[in-house]
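Please keep the sequence and the structure in view while reading.

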Amino acid sequence: MATLQLSITLAMFFLQLLSGAHSSTFSIVNKCSYTVWPGVLSGAGTPQISPTGFALQPGQSTSIPVPTCWSGRIWGRTLCTEDSSGKFSCLTGDCGSSTLECSGGAIPPATLAEFTLNGAGGMDFYDVSLVDGYNLPMMISPQGGTGANCTSAGCAADLNGDCPMELKVVDGSEGVACKSACDAFGDPQYCCSVAYATPNTCKPSTYSQFFKTACPTAYSYAYDDGTSTFTCAGADYVITFCPSPSTSVKSSNPMAVDISSTGSQPTSSAFIGGAITTTLAVLWQLRHLF
């Protein structure tokens with residue numbers, strides 16, 4: 001099985017070389033008034049990105065070169081501290097590694113930027129997903145790409161204050177994240193599982209509509225493909241936390257420990273036919289594999 005997976009990965013690599021596929025750069029920008037600790041998870045069988053976790057102070061940004069055939073997720077962790085034993089943890093978006101860098105994905109709820117680069121037809125597929133809940137505003141903005149659906153996507157709204165009480169994650173009296181209905185209740189109709197595991201049986205709920213109304217270009221539930229997946233060719237991407245300045249996370253978290261120097265710190269769908277159907281299916285499968 002491992003040999004087969006390696007063969008497939010190598011075949012994809014050489015096909016991309018022959019097609020002259022574009023290698024992208026991700027610029028990650030923190031416009032929040034508080035520190036954000038981005039996490040990165042690469043998909044199985046794709047090249048890895050390093051570092052997998054770092055700190056961005058308010059107003060800070062960094063650029064990361066991305067392998068040609070990369071797929072994976074980027075998210076922001078908030079309210080992070082390091083205890084006296086050196087254990088690192090975050091109140092939202094934590095990845096469970098106990099260190100600045102991540103070895104796995106975000107623990108819900110967390111706003112996710114999802115990418116499949118150089119997918120079907122050489123197109124990049126990207127989205128911002130609230131399927132696993134929400135913890136901070138985030139937008140993806142393509143730079144220099146082409147395509148009829150090559151536009152900004154995501155959630156610029158601050159949802160933590162208005163989150164329904166049954167979904168709200170609080171620290172003291174302040175909302176710091178908003179769970180998905182699936183995470184909050186575990187009901188198959190909200191999780192698009194068991195008898196609700198197809199687009200025909202899993203429909204938007206009042207809870208997913210809360211997310212969709214506030215953030216119309218973000219995924220609100222598992223089968224929200226039509227208005228939530230975007231495509232570009234030959235683009236770089238800017239991923240912005242708090243595209244509209246926000247001070248909602250614990251009033252900029254004055255008690256958090258500054259660990260920005262800890263660990264590895266970086267320097268400084270309009271596509272047709274079967275191709276888009278296939279890649280949307282792959283994206284959905286990746287969402288459930290991470």
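The side chains of S141 and S152 are joined by a polar contact of 3.1 Å; a polar contact is a pair of N or O atoms within 3.5 Å, where within protein one atom must be able to donate a hydrogen and the other to accept it, and residues adjacent in sequence count only if both atoms are side-chain atoms. The model is predicted, with local features requiring pLDDT of at least 70 and side-chain atom pairs counting only at pLDDT 80 or more, while totals for chains, interfaces and linings use all residues. Residues are numbered from 1 along each chain as its sequence is written, and side-chain values use heavy atoms, with hydrogens and water left out.

S141 belongs to strand β8, residues 138-143 (strands are DSSP runs of E, at least two residues, and helices runs of H or I, at least four, numbered from the N terminus). With a relative accessible area of 19%, S141 is buried (under 20%; exposed is over 50% and partly exposed in between, with a 1.4 Å probe and protein chains only). Beyond its neighbours within four places in sequence, S141 is in contact with S152, D236, Y237 and V238 (heavy atoms within 4.5 Å).

A second polar contact, of 3.0 Å, links the side chains of E114 and R73. These residues are 41 apart in sequence, yet their C-alpha atoms are 4.6 Å apart in space. E114 lies in strand β6, residues 112-116, and is buried at a relative accessible area of 6%.

In helix α4, residues 206-214, the buried residues are Y207, S208, F210, F211 and K212. Among the elements covering them are β11 (174-178), α2 (181-185) and α3 (188-191).
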